[in-house]
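Colleague: Please take a close look at one part of this model for me. Begin with the backbone in the loops, then go on to the pockets.

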Amino acid sequence: MINSKVLFFLGIGLLSIKGFSQTKTIEKKGNVTESQMSLSEKLSKYMQTQADVNGFSGTVLITRNDSVLLRKAYGLADYEWNIKNTIDTKFQLASVTKQFTASAILQLAEKGKLSLDDKLNKFLPDFPNAENVTLHMLLSHSSGLSLGFKELALSTISADSAYKEIKKIPYEFLPGTKSEYSNIGYYLLGKIIEKVSGEKYAVFLKKNIFEKAGMKNTGTSNNDSIILKKAKVYHHTEHGLAHNPYINWEFNIGHDGVYSTVEDLALWDRALYGTAILSKEMKNRMFTSYNEQNFGYGFLINPFYNHGHHLIAHDGGFLGTMTSFNRFTDDGLLVIVLSNNQSPAYLLAYGLSAICFGKEVELPYRHQKVKSNPSLYKLFEGNYEDIKILENKGKLYFNDFDIELFPESDNKFFRSDDDNRTVEFIKDVNGKYSTIKLTKAGVAEIRKRLFLDK
């Protein structure tokens, strides 16, 4: 996260980018000032800096109505052979897969093959407590099923053996009593699609969704097929980037498994405005928020990061795969970020959409830890709305003692777990530190202190 008083950015005096026409003149670019840059140029500059400073690897597509604002690939699809990503590179989607699973269930409901009020035991009678779980609960993350089964997904266990193990995972709460995100719920929906349709999950999605939307570069992963132009995936370790471990695609579907390109996902976005894939009634059901966590079916509806605009979105992340799919439907704006090296796609999409909406968004820079004045730390300590700042033995911490704040000036710090998230302490007219300015992906957020020292 970055602050507007940044004095160091790769040796350049550039401070920030603002969307649309509100920008102040900051830096001359030939004869063009920052305020005169087009929106596409601002988006491009932001992403190029993310690639240069933070090593972003992946593809980005931003469209507004019928106009392409940014369409570009960055980094490498294969680090060993130095093969660059291209705009048609295929990426694993992780949990962005869930929207296709939800669409398939809704298609089967529309054809009368199932009802969203059906109980799970109608399809999987041997699954524990299945008589109390409906398809609606699975779709809206209110089933009580646990988050997931990462260890199984990384094993060579058979699909049948995996199902037996997943049945042993206890529920987190009574079905229908609250909501918590569950990969297991969508895994079971994938199995239901296969049972009701009589087709493999991959085959059903290909025939009923991908082909109808014209998505020729989209499919479902397995452990055998050679997929042309598919990026290898890398995750961060203490020794640097490493290959993603083996993932067992034989059963890791429903909640994960689909791969695609940014251009195919744009075709999917366009299809969702029509009725070729889902009727208006079924889309309304998909795009309704059913609980306090904003869960629709396969999407989040108006999550907190919507910039005050109507947003239908979902992110994905599994080891090095990081993805973000964002539909600002009232604005006709689509923001897609796909990464194969654990770059925070969701944060970059947040920054990119902020630029599109004319917000001030600061460029990333290399953070440098400096000596600070620890005597100020007691003045910073306190509750700032949902953020807690702690001091202990001359060090400052964010929310708990696991995340230290490293100083880059007397009143500005970056987080030890993510140096692109910063905290700046701001004095009020009485000389008290009553506000903090947080930035993530360059987007500023203000938090007011709840209890001030007398």
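**Loops and pockets**

Modeller: A441 has 9% relative accessibility, so this residue counts as buried (under 20% relative accessible area; exposed is over 50%, partly exposed in between, with a 1.4 Å probe and protein chains only). The model is predicted, so local features need pLDDT of at least 70 and side-chain atom pairs 80 or more, while totals for chains, interfaces and linings use all residues. Residues are numbered from 1 along each chain as its sequence is written, and side-chain values use heavy atoms, without hydrogens or water.

Stay with A441. Its phi is near 55 degrees. That is a positive value in a residue other than glycine. A441 sits in the loop between β24 (433–440) and β25 (443–448). Helices (H or I, at least four residues) and strands (E, at least two) are DSSP runs, numbered from the N terminus.

Now take N294. This residue is not a glycine, yet its phi is positive, about 65 degrees. The loop that holds N294 runs between α9 (280–286) and β13 (300–301). Its relative accessibility is 23%, so N294 counts as partly exposed.

Next, the pockets. A pocket is an open set of points on a 1 Å grid where a 1.4 Å probe fits, with protein on both sides within 12 Å along at least five of seven lines; lining residues have an atom within 4 Å of a point.

The largest pocket has a volume of about 660 Å³, counted as the space filled by probe spheres set on the points. Its lining has 28 residues. Nearest its centre lie Q92, K230, A231, K232 and V233. β6 (76–78) and β7 (83–84) each supply at least two residues of that lining. By class, the lining splits into 12 nonpolar, 10 polar and 6 charged residues. Here Ala, Val, Leu, Ile, Met, Phe, Trp, Tyr, Cys and Pro are nonpolar, Asp, Glu, Lys and Arg are charged, and the others, Gly among them, are polar.

The second largest pocket holds about 450 Å³ of space. It is lined by 21 residues. L300, F304, Y305, D315 and Y346 are the closest to its centre. α10 gives the most, with 5 residues. This lining has 10 nonpolar, 8 polar and 3 charged residues.
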